[in-house]
Amino acid sequence: MQAIQSQATIGKMSLTQRSTFSGKSVAVARTTPKAKAAFRLRVDAAKEYVYEVEKPIGLTFGAKGGKEGGVIVKSAKGNGAAAGIKSGDQVIYHSSFFGDELWPADNVGFTNTAVKACPGAVDFVVIRGKDVGTVNVKRLNKRPAPEKFGRKLTEKQKERATHLCIDCGFIYYLPTPFAEQPPAYVCPQCQAPKSRFLRYDPETGKTIGSSGLPPIVGISLGLGLALVGAFVYIGLTL
C-alpha cells in the first residue's frame with residue numbers, strides 16, 4: 001500500500017503529520033484553528049484633559065458602545081463648551097454625588113445620574129481625537145478628585161464662595177448656603193468637620209474674623225505650630 005497524504009487548511013494555517021496504517025507511513029492532517037486577534041486596550045496611556053464645569057453643564061452624553069464601554073459627548077454647549085469640552089470627546093472619569101473621588105464613565109446611565117446629583121461644579125476627565133476608544137474604561141479604578149486648593153475661582157464660584165476649610169484650603173462655593181449644611185457636614189476634600197471652616201472673602205483671598213492672613217500662610221503656620229508642639233511633647237516625655 002502506498003503512503004497516502006492528506007492536508008486540510010483553515011484560514012492560512014495547516015499542519016501535516018505522519019502516522020502508520022497497515023505497516024505503511026500515512027500522512028494525516030492535523031489542523032490548528034486560526035488564533036483570534038486579542039482585544040487589547042490601554043488603561044491610562046491616552047492624553048487626558050481635566051475640566052471643571054459649572055451647572056448647568058450644557059453637555060449631552062451618549063453610549064460609546066463596543067466591548068470597552070464608555071461615554072461620548074454628543075454635544076457641548078454653554079458652560080461645558082466654555083470650559084473646553086468638545087463634541088466627540090470621550091469621558092473617562094467624572095464626579096459623583098458621594099465622596100471626593102472620580103468615577104470611571106463606563107455607563108451613560110450612571111454618568112447622567114451622577115452628574116445631575118452632584119451638588120456643585122462637576123469634574124470631568126476626557127480624551128479626544130485618536131485616543132477615543134483606546135482606554136478600557138471598564139478596567140479603570142476610582143481615583144482622587146483634582147485638588148481644589150489654589151485653583152482660580154470663576155466669577156460664578158466667587159459669587160457663592162463664603163467659607164474656607166482651614167485644614168486643607170478648600171473653598172466652599174456650593175449652591176447650598178453653608179449655614180444650611182447639617183452639623184455632620186464634612187469638607188469634601190479632607191473630611192474635616194464643619195467647625196473647621198471659617199468665613200472667606202473671595203476678593204481679598206483672606207478669611208474673615210481670623211488673623212487676616214492669606215489661607216496658605218495660615219495653614220502653613222498652623223501645621224508648623226502643630227509640629228513644634230509635637231516635638232516639645234516628645235522632648236518632655238523622653
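Setting aside neighbours within four places in sequence, Ile 57 is in contact with Lys 77, Asn 79, Gly 80, Val 115, Val 122 and Phe 124. Contact here means heavy atoms within 4.5 Å.

A word on the ground rules. This is a predicted model, where local features need pLDDT of at least 70, side-chain atom pairs count only at pLDDT 80 or more, and totals for chains, interfaces and linings use all residues. Residues are numbered from 1 along each chain as its sequence is written, and side-chain values use heavy atoms, with hydrogens and water left out.

Back to Ile 57. It belongs to the largest nonpolar core, which has 15 residues. A nonpolar core is a set of buried Ala, Val, Leu, Ile, Met, Phe, Trp, Tyr and Cys residues joined through side-chain atoms within 4.5 Å. Buried means under 20% relative accessible area, exposed means over 50%, and partly exposed is in between, with a 1.4 Å probe and protein chains only. Ile 57, Leu 59, Phe 61, Ile 85, Val 91 and Phe 124 touch the most other members of the core. Which elements give two or more residues to it? They are β3 (49–53), β4 (59–63), β5 (71–76) and β8 (122–127). The largest share, 3 residues, comes from β8. Apart from this core lies another, of 10 residues, including Cys 165, Tyr 172, Phe 178 and Cys 187.

Now the whole chain. It has 4 helices and 13 strands. These are DSSP runs numbered from the N terminus: helices are H or I with at least four residues, strands are E with at least two. Of the 238 residues, 33% are buried. Take the contacts with a separation of 6 or more: residues 24 or more positions apart account for 52% of them. The chain exposes about 14300 Å², and carbon and sulfur atoms supply 58% of that. Those areas come from the Shrake-Rupley method with a 1.4 Å probe; for residues, only the protein chains shown count as cover.

Next, strand pairing. Two strands pair if DSSP finds at least two bridges between them. Strand β6 (residues 90–94) runs antiparallel to strand β7 (residues 101–104), joined by 2 bridges. Tyr 93 stands opposite Pro 104 in β7. β7 also pairs with strand β9 (residues 143–144), again antiparallel, over 2 bridges. There, Glu 101 has Pro 144 in β9 as its bridge partner.

Side chains of opposite charge can pair when their charged atoms come close. How many salt bridges does the structure hold? It holds 6. The criterion is a side-chain nitrogen of Lys or Arg within 4 Å of a carboxyl oxygen of Asp or Glu.

Glu 101 meets Lys 142 in one of them, at 3.3 Å, N to O. Lys 142 sits in the loop between β8 and β9, and Glu 101 in strand β7, so this pair links parts 41 residues apart. Both ends are partly exposed: Lys 142 at 41% relative accessibility, Glu 101 at 31%.

Another joins Arg 160 and Glu 54, with the closest N and O atoms 2.9 Å apart. Arg 160 is in helix α3 (residues 155–160) and Glu 54 is in the loop between β3 and β4, so the pair ties together parts 106 residues apart in sequence. Arg 160 is partly exposed, at 25% relative accessible area. Glu 54 is buried, at 9%.

Is Asp 131 buried or exposed? Buried, at 9% relative accessible area. Lys 130 is exposed, at 74%.

Cysteines now. The structure holds 0 disulfides, where a disulfide is a pair of cysteine sulfur atoms within 2.5 Å. Cys 190 is in no disulfide; its nearest cysteine sulfur, that of Cys 168, is 3.6 Å away. Cys 190 is partly exposed, with a relative accessible area of 30%. Cys 118 is buried, at 6%.

Two last residues. Gln 181 is in the loop between β11 (171–172) and β12 (197–201). Gln 181 is buried, at 15% relative accessible area. Beyond four places in sequence, Gln 181 touches Tyr 172, Leu 174, Thr 176 and Lys 194. Ala 117 lies in helix α2 (residues 108–117) and is partly exposed, at 39%. Its C-alpha atom is 7.3 Å from that of Ser 96, 21 residues apart along the chain.
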